[in-house]
Structures are given as structure tokens and as C-alpha cells.
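Thanks for coming, everyone. Please have the sequence and the model open while I talk.

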Amino acid sequence: MEDNFYRGNLPHWQPPEGTFFVTYRLFGSIPKSKIEALKAEYAYELERLERYKKLDLSQQNSKFFSLGLSEELQTDLENIWRKRKQLLQYQYFTSFDELLESNLNEPHWLKTPEIANTCRQAIHYFDGQYYTLWAYTVMSNHIHIVLSLLPNAPILWAILQRIKRFSATKANAILDRTGLPFWEKESYDHLVRDGSFGRIMAYTLENPVKAGYVKRWEEYPYNYCHSSLMDEFRMDR
């Protein structure tokens, strides 16, 4: 299982053949002060969660030995705390999304059609090779993607590195700023759980609608939805 993790500002769990919701953003698109505030809040909540977990499991272990509770129950308790930690991470990622959606900070390089199309090309390049691409939207300063890894694909972070490296090189050449950072180093991803796929697809596709760019997501030129799902997510269905 450890091979499916990598650590940046957060641990990322990226199991093989998982379905993921991914967000990556332009360098400097969220003020550093706000990022640091979010990190500090997350670190505080994580430390508090770990403290309560140790206390709870200690109490349950005492019951385990005194009352003979089953190992299955112990495993269930561990799973409960694991899910609470996953929820905390999800809330952290959501906070970044909310900052991006509610305050579209500069730079807005992805508004340039040539750059937006370069990003689309990079995303589509590995579709069918490393993943099934379900949806994406290219906003002015960030991108959302929904994808499912294929068997034997590289770990997600390695794929994202390739996508970002290619698009950054091309975009910086267009902007005549070669060698400067284009994307923030870390992407934000979470595993799509059972029952949440439709909600995440709708969230992704309707981003430009919420931002006021278009009235229907199908009208936005930098949206993509897999052909097999078009009828399900059409706004006029």
C-alpha cells in the first residue's frame, strides 16, 4: 500500500485503477498567506484528530483485553478513524477549490486560447494509454479533471507531472517566459468514492457556468465530457 502514496504538503493516496478528481492551478493563483493559513488549520485539525484517535483506541484496547472484544471490531474502529482522516483531507482540498472558484486570482494565462488548447492536448495525450478521461474543465487559472487509471498505468502523480511539464513548456514559450514556474508544484487529488461520481462530474462540468462564462456547460469550449456520459449530464436533458 505504501507504494500508492506520495507526500507533498499532504499525503496522497493513489491506488492503481482508482477514479480520481484532480485539480491543479497556475503558480501564484492563491495568495501565499491564504495557503499558509489553510495549511496551519489543517495541521491543527490533523493533530487533534490523531490525539483523539490514540485516546479512543487506547480505551478500546483496554476493553478488548478485559471483555474479549473481537479483532474484527478492532479493525472496524481503525477503519472509522481512517475515514475521518480522509474526510479531513477532503475538506482541506475543498477549501482550496473554494478559494479558486470564489476568487479567480491572477494570473489568468489559461484564458489565452492557444494555452488552453495546449493544456487540453496534454490531458488528452494519455487518454486510453494511462487512463480513461471522463471530464475536465480548463478555467482561467486552474484545471479540474475526472479520470480512471487503467491497469498497469504509472501512479497518478507521475502522470500529472508529465501532463504539467509538457503544457508548462509550451505555455511558457507562448508567453515568452521560458524557465519560469507555470504550475504550482503540487496538484490536489482525491479518490472518487462510490456514489459521488455523478456529483463530481457535475461540479467539474458546471464550473464555467457558476463563473458566469456561459449559461450551459456544453457551450464552454474548454469543457470535455466523455461521449458515453454526454446524455446523462446535458443541461437540457
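First, the ground rules. This is a predicted model, so local features need pLDDT of at least 70 and side-chain atom pairs count only at pLDDT 80 or more, while totals for chains, interfaces and linings use all residues. Residues are numbered from 1 along each chain as its sequence is written, and side-chain values use heavy atoms, with hydrogens and water left out.

Now the overall fold. The protein chain has seven helices and seven strands. Helices (H or I, at least four residues) and strands (E, at least two) are DSSP runs, numbered from the N terminus. In order from the N terminus, they read β-β-β-α-α-α-β-β-α-β-α-α-β-α. Of the 237 residues in the chain, 44% are buried. Buried means under 20% relative accessible area, exposed means over 50%, and partly exposed is in between (1.4 Å probe, protein chains only).

What about contacts along the chain? A contact means heavy atoms within 4.5 Å. Among contacts with a separation of 6 or more, 70% join residues 24 or more positions apart. As for surface, the chain exposes about 13000 Å², and carbon and sulfur atoms supply 52% of it. Those areas come from the Shrake-Rupley method with a 1.4 Å probe; for residues, only the protein chains shown count as cover.

Leaving out residues up to four places away in sequence, Tyr131 touches Ala122, Ile123, Phe126, Leu147, Ser148, Leu149, Leu150, Ile159 and Ile163.

On to the rings. Rings of Phe, Tyr and Trp (its six-membered ring) pair if their centres lie within 6.5 Å; planes under 30 degrees apart count as stacked, over 60 as edge-to-face and the rest as tilted. The structure holds ten aromatic pairs. One of them is Phe21 with Tyr203, edge-to-face, at 5.9 Å centre to centre and 90° between the planes. Phe21 sits in strand β3 and Tyr203 in helix α5, so this pair ties together parts 182 residues apart in sequence. Phe21 is buried at 4% relative accessible area, whereas Tyr203 is partly exposed at 25%. Elsewhere, ring pairs link Tyr24, Trp109, Phe182 and Trp183 into a cluster.

Stay with α5. Which of its residues are buried? They are Ile200, Met201, Thr204 and Leu205. Down the axis of α5, these buried residues fall within an arc of 125°, so they line one face of the helix. The arc is that of the directions from the helix axis to the C-beta atoms.

Thr204 is in α5, which spans residues 197-205. Its relative accessible area is 0%, so Thr204 is buried. A polar atom of the Thr204 side chain lies 2.9 Å from the backbone oxygen of Ile200. That is a polar contact: a pair of N or O atoms within 3.5 Å; within protein, one must be able to donate a hydrogen and the other to accept it, and residues adjacent in sequence count only if both atoms are side-chain atoms. Beyond four places in sequence, Thr204 touches Phe21, Ala135, Tyr136, Thr137, His144, Val146 and Asn223.

Asn207 is in helix α6 (residues 207-210). Asn207 is buried too, at 1%. The Asn207 side chain reaches the backbone oxygen of Tyr203 at 2.9 Å.

Last, the loops. Asn152, between β5 and α4, is not a glycine but has a positive phi of about 70°. Asn152 is exposed, at 83%. Asp176 lies in the loop between α4 and β6 (188-191). Its phi is also positive, near 55°. Asp176 is exposed, at 69%.
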